[in-house]
Amino acid sequence: MTDEIRTQLFEMQDIKYRDFQSKLIPTVDKENVIGVRTPLLRKYAKKLVKENGFEDFLKDIPHKYFDENQLHAFLISEIKDFERCMDEVESFLPYVDNWATCDQLSPKIFKKHREELLVHIKKWMASDRTYTIRFGMGMLMQHFLDEDFDPEYPKMVAAIRSQEYYVNMMIAWYFATALAKQYDEVLPYIEGRNLDDWTHNKAIQKSVESYRITDEQKGYLKSLKIKRNLR
């Protein structure tokens, strides 16, 4: 099954897109990128789900190619049984080696099982794996910033300290999104400088770029940027 899927992926290969895409995922070697455009991967994933022909592929990890990992993420995201979906997520997460695959992994069934999901999110955020931590924060951002928001959640994110760029970028993204959705609750984390300096400034930068933040809020957030001592 894996060989058949790999053959199909190479038939969809776009060399120019591969060259462009590989520059965006520096943690993946260029020779391990086939170059299949995302809409085609999504369409192929739906076809495999409809044909129920992907079980062996999910078991055959680690994959060699980035595009196989992307396809894997899309396939898991289509699984409708929560327990089965969670088992596949847990099996796959240790092999996720880049931000793109991490962020594409977004199971639809999770929104119907938020209480159970939260237990896993807390565990993922306590991991020592870069993309497992990032995935946990991503799920917290996606599912717990609206009606299920709790002030404890931004506190959990703010408590994370990492030297990993892709972890800190997700912290910044989380707080930028949280400011757009829960401004009054989340603003004290920025006012109190509860993030490291780089992440603090990046969160403000991403917030200011958002159309969901008012001009007045943007002006105030800009005033909270931490100016580096250049001496």
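Me: Which residues does Gln70 touch, not counting residues up to four places away in sequence?
Reply: This is a predicted model, where local features need pLDDT of at least 70, side-chain atom pairs count only at pLDDT 80 or more, and totals for chains, interfaces and linings use all residues. Residues are numbered from 1 along each chain as its sequence is written, and side-chain values use heavy atoms, with hydrogens and water left out. Contact means heavy atoms within 4.5 Å. By that rule, Gln70 touches Leu41, Ala100, Thr101 and Gln104.

Me: How are H5 and H6 oriented to each other?
Reply: Helix H6 covers residues 82–92, and H5 packs on H6 at about 160°, with the axes 10 Å apart. Axes are lines fitted to C-alpha atoms, for helices over the stretch in contact, and angles run from 0 to 180 degrees between N-to-C directions. Angles under 35 degrees count as roughly parallel, over 145 as roughly antiparallel, 65 to 115 as roughly perpendicular and the rest as oblique. Therefore H5 and H6 are roughly antiparallel.

Me: Which residues of H6 meet H5?
Reply: H5 brings Asn69, His72, Ala73 and Ile76 to this contact. On the H6 side are Cys85, Glu88, Val89 and Phe92.

Me: How far apart in space are Phe54 and Thr2, C-alpha to C-alpha?
Reply: Phe54 lies in the loop between helix H3 (38–51) and helix H4 (55–59). Phe54 is buried, with a relative accessible area of 3%. Phe54 and Thr2 are 52 residues apart in sequence. In space, the C-alpha distance is 8.6 Å.

Me: How is H11 oriented to H13?
Reply: The axes of H11 (residues 165–181) and H13 (residues 197–208) come within 8 Å and cross at roughly 45°. That makes the arrangement oblique.

Me: Which helices do the buried residues of H13 pack against?
Reply: The buried residues of H13 are Thr199, His200, Asn201, Lys202, Ala203, Ile204 and Ser207. Some H13 residues that meet H11 are on that list, including Thr199 and Lys202. The buried residues pack against H11, helix H12 (183–191) and helix H14 (215–223).

Notes: Helix = DSSP H or I, 4+ residues; strand = E, 2+ residues; numbered from the N terminus. Buried < 20%, exposed > 50% of the residue type's maximum accessible area, 1.4 Å probe, protein only.
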